[in-house]
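Take a moment to look over the sequence and the 3D view before reading on.

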Amino acid sequence: IAEGPMGSVVIENGAQLRSAEGGRIMVLAPVIENRGLIETPEGQAILAASQDKVWLKAASKDDNLRGLLVEVGTGGDVSNLGEVIAKRGNISLMGFAVNQEGLLSATTAVTSNGSIKLVAQDKTTMKSSGIGTGLEVGSVSMVRDGKAAQVTFGVNSRTEVLPDEDDTSTAVD
């Protein structure tokens, strides 16, 4: 759990953040704006906007998910106006207001699934469900001060999960 006061993060146009293969890039702040390039090959890019708490948990129980599961307490604003690319990886944008106005691109393959998760929510509470079972999500509010949590797609935005054309692996059925 990350708690406490945090500032805004702006990734400027021309900035480039790249992880090693299988790595993660995590940006956690009340307000996040990406105008640059974020690349995480076979890894995960997390932009989680929260005014107070962010929870991260391994997605070990679900083979369809890669990387970490993300939840926020009092959601903030996250905007992508740049590019986030995760070949055979995951892109997760989370907050009360999620604005997708740029490029989000993941690729998927037979043995390395890729995904994009955009979630607008607020007031998530986490609780321990017993020894060895980890954390579970409690209540989730979708309205704050009369405003609804919202995912917005800009007119020229592009959100895509494409097959990995470089992967030649096959599967039965």
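T107 has a relative accessible area of 13%, so this residue counts as buried, the cut-off being under 20%. Keep in mind as you explore that the model is predicted. T107 belongs to strand β13, which covers residues 103-108. Its side chain comes within 2.8 Å of the backbone nitrogen of R88. Setting aside neighbours up to four places away in sequence, the contacts of T107 include K87, R88, N113 and D164.

A106 also sits in strand β13. A106 is buried too, with a relative accessibility of 1%. Its C-alpha lies 6.3 Å from that of G89, although 17 residues separate A106 and G89 in sequence.

| Residue | Relative accessible area | Some of its contacts beyond four places in sequence |
|---|---|---|
| T107 | 13% | A86, G89 and L162, among others |
| A106 | 1% | A86, G89 and L162, among others |

Now let us turn to a sheet. Five strands form an open sheet with parallel pairing, in the order β1-β4-β9-β12-β19. Strands β1 (9-11) and β19 (150-153) are at the edges and have a single partner strand each, so one side of each has no neighbour in the sheet. From one strand to the next, the twist averages 5°.

Which residue of β9 stands opposite I32? That residue is V78. Strands β4 (residues 31-34) and β9 (residues 77-80) run parallel and are joined by four bridges.

Definitions and conventions. Residues numbered from 1 in each chain as written. Predicted model: local features only at pLDDT ≥ 70, side-chain atom pairs only at ≥ 80, totals over all residues. Heavy atoms only, no water. Helix = DSSP H or I, 4+ residues; strand = E, 2+ residues; numbered from the N terminus. Buried < 20%, exposed > 50% of the residue type's maximum accessible area, 1.4 Å probe, protein only. Polar contact = N/O pair within 3.5 Å; in protein donor to acceptor, adjacent residues only side chain to side chain. Contact = heavy atoms within 4.5 Å. Pairing = 2+ DSSP bridges. Axes fitted to C-alpha atoms, helices over the stretch in contact; angles between N-to-C directions.
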